[in-house]
Amino acid sequence: MDRKPSEQYYETLEKPHNRPRGCCCCCRTRRSKIVCGTILLLILIGLTVGLYFCVPRGKPEVQFNGVETTGSVDLTKLVLDVPKGIAIPLALKLNVYNPNLIGIKVNNITVKGFYQTPDGHSVQIGDGALSRAVTFPAKGHLDFQLPITLVYNIADDQNVAIALNAFLNHCGITTPQKTPIPMRYQAVLEIPLISWLGIRPEVENEVHFDCPINVPTSVSSTVGSILGGILGNLR
């Protein structure tokens with residue numbers, strides 16, 4: 001009996017099709033297996049070497065070597081500007097040792113300076129940033145200067161007046177003897193290699209430096225009495 005066309009159609013759909021199985025052509029012969037193995041070995045060696053150089057060996061070590069003024073300080077203007085606020089441009093002299101096997105490029109470093117008053121208040125007395133990018137060489141040292149401007153605006157906060165009075169004391173202007181000025185700085189590093197991940201390493205350190213302004217002995221007592229009177233009236 002002849003089958004209907006519809007029955008033949010469904011039988012055709014039900015029959016399994018013998019499809020060729022996929023095969024990786026690169027490993028079908030002995031020669032291709034050797035080539036694939038060599039390529040894989042080279043990739044593993046490259047990854048191992050890359051990790052060896054890129055894995056951090058330690059945190060860069062920062063050494064503070066003092067400060068220097070980056071502009072002239074007019075003593076007369078400084079005295080006259082005390083009620084309105086004074087600004088003293090400085091540069092932190094730093095030496096950084098990078099213990100890692102690759103150089104570290106830093107696009108920018110922002111810094112803030114703080115003074116702690118005798119009653120425990122932390123007063124911001126300055127800020128600054130790099131003027132250009134720097135690169136810390138692999139397994140090497142780099143000397144560079146980080147600009148920072150000391151700013152004392154005594155109209156903003158009574159604690160700033162206390163910090164300025166301490167600064168004048170350390171400079172020997174309102175006291176007979178000069179002493180090192182204490183300051184705590186916080187620096188934030190912008191490293192292109194990791195900053196795109198939102199990671200910005202911070203460095204914090206307590207330093208002491210000599211007075212950055214030179215006040216002649218012949219006028220120090222006069223200047224000291226004037227500034228001492230101004231600051232005394234504000235506290």
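**Aromatic pairs and the antiparallel sheet**

Tyr 152 counts as buried, at 3% relative accessibility (buried: under 20% relative accessible area; exposed: over 50%; partly exposed: in between; 1.4 Å probe, protein chains only). The model is predicted, so local features need pLDDT of at least 70 and side-chain atom pairs pLDDT 80 or more, while totals for chains, interfaces and linings use all residues. Residues are numbered from 1 along each chain as its sequence is written, and side-chain values use heavy atoms, without hydrogens and water.

Two aromatic pairs are present in the structure (ring centres within 6.5 Å, with the six-membered ring taken for Trp; planes under 30 degrees apart are stacked, over 60 edge-to-face, the rest tilted). Phe 136 and Phe 144 make a tilted pair. Phe 136 is buried, at 3% relative accessibility. Phe 144 is also buried, with a relative accessible area of 10%. Tyr 152 and Phe 167 form a tilted pair as well. Here the centres are 5.5 Å apart, with 40° between the planes. This pair links distant parts of the chain. Tyr 152 belongs to strand β7 (residues 140–152), Phe 167 to helix α4 (residues 158–170), and 15 residues separate them (DSSP runs: helices H or I, at least four residues; strands E, at least two; numbered from the N terminus). Phe 167 is buried too, at 2% relative accessibility.

Strand β7 is part of an open sheet of seven strands. The order is β1-β2-β7-β5-β4-β8-β9, and the pairing is antiparallel (at least two DSSP bridges per strand pair). β1 (61–69) and β9 (202–209) are the edge strands, and each pairs on one side only. Neighbouring strands are turned by 30° against each other on average, direction ignored (axes fitted to C-alpha atoms, for helices over the stretch in contact; angles from 0 to 180 degrees between N-to-C directions). At one end of the order, β1 pairs with β2 (residues 86–98) in the antiparallel sense. Seven bridges join these two strands. Glu 68 stands opposite Ala 91 in β2.

Helix α4 lies across β2, β4 (108–116), β5 (122–129), β7 and β8 (181–190) (contact: heavy atoms within 4.5 Å). The helix runs at about 120° to β7.

Lys 139 sits in the loop between β6 (134–136) and β7. Its phi is near 50°, a positive value in a residue other than glycine. Most residues other than glycine have a negative phi. Lys 139 is partly exposed, at 49% relative accessibility.
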